[in-house]
Amino acid sequence: MSGTTRREEIAAGLEAVEARIAAACRAAGRDRAEVSLVAVTKTYPASDVRILAGLGVRDVAENRAQEAAGKAEECADLPLTWHFVGQLQTNKVRLVVGHAAVVHSVDRPRLVGALSTEAVRAGREVGCLVQVALDDDPTRGGARPADVLAVADAVAAAEGLALRGVMAVAPLGEEPAKAFARLREIAGAVRAGHPAATVISAGMSGDLDEAIANGATHLRIGTALLGRRKPFVR
Ligand SMILES: *Cc1c(COP(=O)(O)O)cnc(C)c1O
């Protein structure tokens, strides 16, 4: 990386991602304005968030509550909307509600209850996406498809929360396009009961094209913007 500044690196990543998004939108006959880019900054320092903000990025996401809260505080002067996309334990809800406008990983009634209690206490409204386990295996987060409508109804009925839509990660070992097609159907079923729940959060660095082809409205992109993350050691 001799001579290349971090800003130049990130700017090049952003430019390449924007080109991919534009091409995928063209191929799908969609307007670029229908798709929001959410930069996933987990494991990267607040200085990178600052660079992204300087390059015009307005939506950033984290997946661990403590790290998210710390970075959001360090970046409190920036015009950013924070998203939370990780598995969330109820005892970490306060850390997340303190800064996040949208939680993408709402997957069970108990979490809905905890988020609602904390949102009311903090006097904030938290946007919620119901995370769908597209492989029907909730161990890595997400509600089973059969449980999604119940979780969505619980969010919609909860004080302090606003149901905005659905989110999923493409399962390993399946073509993302097929998985995202199922997500789109589930999103439609949720929207039938909750017309304002228009968000489909799908698509990461490796599968954003398939996500756009299947109606994604929010892409969550980390690696393609910031580089490969070091393996996380707990
Ligand atoms: C890390 C992460 C992303 C970003 O993945 P990349 O492959 O780095 O783009 C998106 N969504 C979730 C839920 C993540 O944890």
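Predicted model: local features only at pLDDT ≥ 70, side-chain atom pairs only at ≥ 80, totals over all residues.

Trainee: Why is Arg 110 called exposed?

Mentor: Arg 110 has 10 other C-beta atoms within 10 Å, and the limit for an exposed residue is 12 or fewer. Arg 110 is therefore exposed. This residue belongs to helix α5.

Trainee: Is Ser 47 buried or exposed, and how do you know?

Mentor: Ser 47 has 11 C-beta neighbours inside 10 Å, so it counts as exposed. It lies in helix α2. The C-alpha atom of Ser 47 is 37 Å from that of Arg 144, a residue 97 places away along the chain.

Trainee: What makes the protein as compact as a globular protein of its length?

Mentor: The chain contains nine helices and eight strands. Its radius of gyration is 17 Å, close to the 17 Å given by the globule rule for 234 residues, so the protein is as compact as a globular protein of that length. The C-alpha trace spans about 55 × 40 × 35 Å along the principal axes. Of the 234 residues, 47% are buried. Among contacts between residues at least 6 apart in sequence, 57% join residues at least 24 apart.

Trainee: Why are the buried residues of α6 said to line one face of the helix?

Mentor: Helix α6 covers residues 148-157, and its buried residues are Val 148, Val 151, Ala 152, Ala 154 and Val 155. Viewed down the helix axis, the buried residues fall within an arc of 160 degrees, so they line one face of α6.

Trainee: What do the buried residues of α6 pack against?

Mentor: They pack against strands β4, β5 and β6 and against helices α5 and α7. For helix α3, residues 65-74, the buried residues are Ala 65, Ala 68, Ala 69, Lys 71 and Ala 72. Their cover includes α2, β2, β3 and α4.

Trainee: What does UniProt list for Lys 42?

Mentor: An unreviewed UniProt entry lists Lys 42 for the feature "modified residue: N6-(pyridoxal phosphate)lysine". From UniProt, also unreviewed, comes the feature "domain: Alanine racemase N-terminal" at residues 14-228. Over that range the chain is 42% helix and 18% strand.

Trainee: How do you know that Lys 42 is partly exposed?

Mentor: Lys 42 has 18 C-beta neighbours inside 10 Å, so it counts as partly exposed; 20 or more would be needed for a buried residue. Lys 42 is found in the loop between β1 and α2. Leaving aside neighbours within four places in sequence, its contacts are Glu 62, Asn 63, Arg 64, Glu 67 and Gly 222.

Trainee: Which residues come nearest to the ligand?

Mentor: Of the 14 residues around the ligand, Met 204, Ser 205, Arg 220, Gly 222 and Thr 223 come nearest. The elements giving two or more residues to this shell are β8 and α9. The shell divides into six nonpolar, six polar and two charged residues.

Trainee: What makes the phi of Thr 43 worth a remark?

Mentor: Most residues other than glycine have a negative phi. The phi of Thr 43 is near 75 degrees, a positive value in a residue that is not glycine. Thr 43 lies in the loop between β1 and α2, and is partly exposed, with 17 other C-beta atoms within 10 Å. Asp 136 likewise has a positive phi, of about 65 degrees, although it is not a glycine.

Trainee: Why is Asp 136 called exposed?

Mentor: Asp 136 has 11 C-beta neighbours inside 10 Å, so it counts as exposed. Its place is in the loop between β5 and α6.

Key:
Residues numbered from 1 in each chain as written. UniProt positions renumbered as here; feature names shortened; annotations may be inferred. Helix = DSSP H or I, 4+ residues; strand = E, 2+ residues; numbered from the N terminus. Near = placed C-beta within 6 Å. Nonpolar A, V, L, I, M, F, W, Y, C, P; charged D, E, K, R; others polar. Rg over C-alpha atoms; globule rule 2.2 N^0.38 Å. Contact = placed C-beta atoms within 7 Å. Arc of directions from axis to C-beta.
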